[in-house]
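Work through the exercises below with the sequence and coordinates open. Each task is followed by its solution in steps.

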Amino acid sequence: MSAPDTPKRSMRTPLGRVRNLGAAHSGTSDFWRQRITAVAMTLLMLPVIVIVMMTLGSNQAGAKVILGSLPIAVIMLLFIVASAWHMKIGMQVVIEDYVHNEKLKLISVMLNNFFSIAVALAATYAILKLSSGV
């Protein structure tokens with residue numbers, strides 16, 4: 001038994017205990033960001049499904065009319081941003097956990113970032129173009 005004055009043995013460094021960080025030195029920020037984006041996507045899922053169902057069977061002019069509404073465009077943009085961010089975080093976690101070659105891991109994370117940004121920008125451009133009528 002240890003005396004009450006002796007500190008508990010820990011594998012963490014004193015700085016790690018103060019900052020409350022684990023071995024990855026990043027805390028749980030990615031975990032919480034992914035949960036926040038998941039909640040955002042869950043809340044936006046029903047409106048997005050309704051919007052998509054409204055556009056079914058209509059041509060481009062009909063989609064422009066539907067997406068020309070500011071609230072609908074904002075809902076779609078929020079869903080796009082939340083989805084792209086969620087995708088980026090999820091894939092990054094998978095890459096960091098299962099790719100063991102450091103060079104390949106770095107390249108994969110960079111490509112994941114570029115791909116996520118490209119998807120978000122392309123979808124945002126499409127929504128803005130349809131909603132602005134240009």
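The model is predicted, so local features need pLDDT of at least 70 and side-chain atom pairs count only at pLDDT 80 or more, while totals for chains, interfaces and linings use all residues. Residues are numbered from 1 along each chain as its sequence is written, and side-chain values use heavy atoms, with hydrogens and water left out.

**Exercise 1. Compare the span of helix α5 with the expected span.**

Step 1. Helices (H or I, at least four residues) are DSSP runs numbered from the N terminus. Helix α5 covers residues 102–132, which is 31 residues.

Step 2. The expected span is 1.5 Å times one less than the number of residues. For α5 this expected value is 45 Å.

Step 3. From first C-alpha to last, α5 reaches 44 Å, close to the expected value.

**Exercise 2. Find which residues of α5 are buried and what they pack against.**

Step 1. Apply the cut-offs: buried is under 20% relative accessible area, exposed is over 50%, and partly exposed is in between (1.4 Å probe, protein chains only).

Step 2. The buried residues of α5 are Lys105, Ser108, Val109, Asn112, Ser116, Ala120, Thr124, Ile127 and Ser131.

Step 3. Contact means heavy atoms within 4.5 Å. The buried residues of α5 pack against α3 (60–67) and α4 (70–98).

Step 4. Take Thr124, in α5, as an example. Leaving out residues up to four places away in sequence, Thr124 touches Leu77 and Ile80. The Thr124 side chain also reaches the backbone oxygen of Ala120 at 2.7 Å.

**Exercise 3. Locate the salt bridges and state the exposure of each partner.**

Step 1. The criterion is a side-chain nitrogen of Lys or Arg within 4 Å of a carboxyl oxygen of Asp or Glu. The whole structure contains two such salt bridges.

Step 2. One joins the side chains of Asp30 and Arg33, at 3.5 Å from N to O. Both residues lie in helix α2, three residues apart, about one turn of the helix. Asp30 is partly exposed because its relative accessibility is 29%, and Arg33 is partly exposed at 38%.

Step 3. Another joins Lys105 and Glu102, at 3.7 Å from N to O. These two lie in α5, three residues apart, about one turn of the helix. Lys105 is buried because its relative accessible area is 18%, whereas Glu102 is exposed at 55%.

Step 4. As a general point, an α-helix has 3.6 residues a turn, so residues three or four places apart point the same way.

How values were computed. A polar contact is a pair of N or O atoms within 3.5 Å; within protein, one must be able to donate a hydrogen and the other to accept it, and residues adjacent in sequence count only if both atoms are side-chain atoms.
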